[in-house]
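Hi,

Here is the structure I promised to pass on. Have a look, and then read my notes below.

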Amino acid sequence: MQRWLLVLLAGLLVCASVAPVSGVPTANEPFSPGQSLTADQCTFPFETTDGTGTTVNLSEEPERVVTLNPSTAQTMWEIGAEEKVVGLTKHAMNLDGAEKRTNISTDGQTINPEAVVALEPDLVLAPSSQMVTEELVEVLRNAGLTVYYYPSAESIDDVRERTRLTGQLVGECEGAAETVAWMDEELAVVEAAVDGHERPDVLYTFFGYTAGSDTFIHEIIEASGGTNVAAELGIAEYEPVNEEMVIEENPDWIILNTNSPDLPDSPAYDETTAVRENQTVVIDINHLNRPAPRIVYAITELAQTFHPEAYADARASTEATETPAETTDTSTETATPAAPDAPDDLPGFGALAALAALIGGLLAAKRRSERSEEPKP
């Protein structure tokens, strides 16, 4: 076992990436936050500046697009631009029809630049993450490709702006505006439901880590009517969870995701209110860990979990007073789960941290398995 871990560590160390850049992209003709772009505002040539400070020029509307992260692939599907996607990563294979596109991932957790170049895309969409670094972007640019590099998404507003900007980059402004409007309508129902209600203490844990402030997951928890105990403790971005923290905060609810759906094997967790009262919830990783429009589903599910009666009342009130707007087609997502590996779309969650989390999870699973095989007294 020890030898196997060393081999895994050595292999993944090669893939370790640098920290993502921060900042907000600007454009020569930028939209204002909250502005709804219309089809006639999607004009080309289009020029903008990306997260690396590089000027990105698009002489005409892109017809062939490669996405380097599942969040951007999801966004392309949601805004109605999926037909333009010719390549995506293996972690976006849950999207309907994704199997017809070229998988640009390697057998490990990295992206194959040669596969991207071979597709001859008009545009490569590259959101910052542990596997999409400025170095990778430079490699692709040196090969003659046009690449837009998104800074890290740290909030729901960032997801909205990414969605609008993606629509502007690929010529789908109307679809992007409709998607953001749908997000805002659904979030308004949640806001009405949780307003004035007591907020339960909530801990999100995956592979032994948690999400603190300066993460969009923190905003998901807060928007759904919970209090993120990690942020209350001063944790920023993604850090390991220790037993003292769990004991001290004693969360009312524990959130898990479908890639890490099991509670940590720890007496500290066993003594929490969440575990004693069976208050744990597993959220689809494609909705929780992807800074893309479907975070709305995670927020809605959590709001229904934390405040079921209030959410039902808010939903009923909305449906009684308004005609439901046309929403994005949710049937485009299949039941295929993301590969059970380290997170690939969380900004600030470095490759080394992901590796440590993955090994920790595997060791915990091994310990549980060994105990289950012990002879009973």
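Asp157 is partly exposed at 47% relative accessibility, while Arg160 is buried at 16%. (Buried means under 20% relative accessible area, exposed over 50%, and partly exposed in between, with a 1.4 Å probe and protein chains only.) Before you read on: this is a predicted model, where local features need pLDDT of at least 70, side-chain atom pairs count only at pLDDT 80 or more, and totals for chains, interfaces and linings use all residues. Residues are numbered from 1 along each chain as its sequence is written, and side-chain values use heavy atoms, leaving out hydrogens and water.

Back to that pair: Asp157 and Arg160 form a salt bridge, N to O 2.5 Å (a side-chain nitrogen of Lys or Arg within 4 Å of a carboxyl oxygen of Asp or Glu). Both sit in helix 5 (residues 156–170), 3 residues apart, about one turn of the helix. (Helices, H or I with at least four residues, and strands, E with at least two, are DSSP runs numbered from the N terminus.) Together with Asp184, they make a network of salt bridges.

How many salt bridges are there by this rule? The count is 8. Another one joins Arg315 and Glu186, with the closest N and O atoms 2.6 Å apart. Arg315 is in helix 14 (residues 308–321) and Glu186 in helix 6 (residues 173–194), so this pair ties together parts 129 residues apart in sequence. Glu186 is buried, at 17% relative accessibility.

Then there's Glu222 with Arg199, at 3.8 Å, N to O. Glu222 lies in helix 7 and Arg199 in the loop between helix 6 and strand 9.

Cheers
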